[in-house]
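Dear colleague,

I am passing on the structure below, and after it you will find my notes on what came out of going through the file. Please read them with the sequence and the model open beside you.

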Amino acid sequence: MTFTLAIVGRPNVGKSTLFNRLVGKKLALVDDQPGVTRDIREGAGRLGDLRFVVIDSAGLEMAEDDSLQGRMRRLTERAVDEADICLFVVDARIGITAADEYFAEILRRRAKHVIVAANKSEGRAGEAGAMEAYALGLGEPLRISAEHGEGMDDLYGVLMPLA
Ligand code: GDP
Ligand code: MG
């Protein structure tokens, strides 16, 4: 049995960096510009002995119109609906924003299973942000660093029982 993992979250939190790490290739475009991932990318994810489908979504955007943001939002909702598990990535260095809270609500209603990951937590950075993420009420956040590969064993630990 395999599963589909959708990586969701607002722009610039490190979704594509994590996707690349799980897929092991430079498939997703990583950029300092928020919202660079325009479309949904799908890849063969692996973590330890786990094999799964991983989706890198466009950043969750709040606009509901026909703009690019509205389109990205609809694509993301489709990814959420298709996924068995949503990995909700927040930026531990910035902490929880209004946009994070808004999308936490969508995930609470829409997602089958949510794992919160407080990214950019390398070293001791982001401890306060991870605490804030706990207050989202979506379970205990994993502290990870997609860029430096930290916290991947903890991610394995929460995915393994769900696989
Ligand atoms: P996305 O918009 O959510 O897909 O975010 P990206 O993966 O494109 O990353 C946005 C920025 O955050 C880039 O400059 C990344 O190098 C940086 N970034 C991603 N993961 C980490 C991390 O674990 N630690 C730090 N310090 N920066 C990161
Ligand atoms: Mg991206």
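The side chains of R124 and E127 come together in a salt bridge, with N and O 3.4 Å apart. In this pair R124 is exposed, at 65% relative accessibility, whereas E127 is partly exposed, with a relative accessible area of 36%. E127 also takes part in a salt bridge with R143, where the closest N and O atoms are 4.0 Å apart. Because R143 lies in strand β6 and E127 in helix α4, this pair ties together parts that are 16 residues apart in sequence. R143 is itself partly exposed, its relative accessible area being 30%. Please bear in mind throughout that this is a predicted model, and that these contacts are therefore computed from predicted coordinates.

A search of the whole structure finds nine salt bridges, and one of them joins the side chains of K120 and D91, at 3.2 Å from N to O. That pair links distant parts of the chain, since K120 sits in the loop between β5 (114–119) and α4 (127–134) while D91 belongs to strand β4, 29 residues away. K120 counts as partly exposed, at 23% relative accessibility, but D91 is buried, with a relative accessible area of 5%. Elsewhere, E77, D81 and R110 are linked in a network of salt bridges.

Turning to the sheet, six strands form an open arrangement in the order β2-β3-β1-β4-β5-β6, with mixed pairing. The edges are taken by β2 (41–47) and β6 (142–143), each of which has a single partner strand, so one side of each is left without a neighbour in the sheet. Strand β1 (residues 4–8) and strand β4 (residues 85–91) run parallel and are joined by four bridges; V8, for example, has F88 as its bridge partner in β4.

Helix α1 (residues 15–23) lies across β1, β2, β3 (50–56) and β4, and runs at about 55° to β2. The helix is mostly covered, eight of its nine residues being buried, and these are K15, S16, T17, L18, F19, N20, L22 and V23. The buried residues of α1 pack against β1, β2, β3 and β4, and also against α5 (152–159). After the helix comes G24, whose phi is positive, near 80°.

With best wishes

Methods: Residues numbered from 1 in each chain as written. Chains lettered and ligands numbered in written order. Predicted model: local features only at pLDDT ≥ 70, side-chain atom pairs only at ≥ 80, totals over all residues. Heavy atoms only, no water. Pairing = 2+ DSSP bridges. Helix = DSSP H or I, 4+ residues; strand = E, 2+ residues; numbered from the N terminus. Contact = heavy atoms within 4.5 Å. Axes fitted to C-alpha atoms, helices over the stretch in contact; angles between N-to-C directions. Buried < 20%, exposed > 50% of the residue type's maximum accessible area, 1.4 Å probe, protein only.
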